[in-house]
Amino acid sequence: MPDTAVPFGASLGYSDVNTQDIRRVELQAVDEGRIDQLKAEAESKTYDYEIVSGIGMIPKRYLAGIARMEEFLITDMPFEDWDLQLANIDSSRVRREQTEQLRRGDLTIRTIALHRQSDTVVADSSISVPAASEAWARHGNTVVDSRHRGHRLGLLVKIANQRLLKSYRPHMKYVITGNATVNDHMIAINEAIGYRLYGKMGVFQKKHE
Ligand SMILES: CC(C)(COP(=O)(O)OP(=O)(O)OC[C@H]1O[C@@H](n2cnc3c(N)ncnc32)[C@H](O)[C@@H]1OP(=O)(O)O)[C@@H](O)C(=O)NCCC(=O)NCCS
């Protein structure tokens, strides 16, 4: 963070509420042999789950589950002093956001994990892919339902997305992602699949009286 950012924000009434690490993965430099190993280890813990990937519009039957996962994110991400309100996210909001994204020319690559027994979505991860650039794709949220953590589902959904992106857009150079610096669990997964620190970003918030 530049030395001037915090005093500049403070002079306008903004506090520095969250520090984000920005990481990027250089897709062609990923050690796919290492990823195969990680995937095999993770799959030994996930017999109860099915990994499902897709590009573009989300099938209707998964919309409600994905909306629930997006709500989870607001309560479960480490936000430090960032004050966010609970969101009320439903299927129609997920569909609307996706339609807007498609109109902008971006496609979403998405992988979810389904719990076989209950047929519910318990993990969700997405990458937003621009139509007209092979330079950067942007990682979206990744979240695992807290009742299903510890099965390496976060790793598996991210590996599936990364590999789908590489086969769908073989010339894409990088994916960029941001995580709270304190988010050790997500950062460990990102480092394992090839993301490396690229920069820092501050989140500033001004509260109305
Ligand atoms: C990051 C995240 C997806 C990882 O979940 P996961 O894939 O189930 O994690 P792993 O299977 O790799 O877990 C490894 C270990 O860390 C533990 N762990 C994972 N996430 C944890 C968390 N948020 N808090 C405490 N422990 C956690 C697991 O229980 C497991 O413990 P074990 O080895 O003793 O069994 C999950 O923590 C999460 O959904 N966090 C909230 C959302 C978020 O911050 N997303 C990133 C921003 S987009």
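Q: What makes Val 175 the bridge partner of Ala 137, and in which strand does Val 175 lie?
A: Val 175 lies in strand 6 and is the residue bridged to Ala 137. Strands here are DSSP runs of E with at least two residues, and helices are runs of H or I with at least four, both numbered from the N terminus. This is a predicted model, in which local features need pLDDT of at least 70, side-chain atom pairs count only at pLDDT 80 or more, and totals for chains, interfaces and linings use all residues. Residues are numbered from 1 along each chain as its sequence is written.

Q: Why are strand 5 and strand 6 called paired?
A: Two strands pair if DSSP finds at least two bridges between them. Strand 5 and strand 6 (residues 174-180) are joined by three bridges and run parallel, so they count as paired.

Q: How do you know that strand 4 also pairs with strand 5, and in which sense?
A: Strand 4 (residues 120-129) and strand 5 share five bridges, in the antiparallel sense. Ser 125 has Thr 142 of strand 5 as its bridge partner. The two strands form a hairpin, with six residues between them.

Q: Why is the unit of strand 5, helix 5 and strand 6 called right-handed?
A: With the strands pointing away from the viewer, a right-handed crossover runs clockwise from the first strand over the helix to the second. The β-α-β unit made by strand 5, helix 5 and strand 6 is right-handed, so its path is clockwise in that view.
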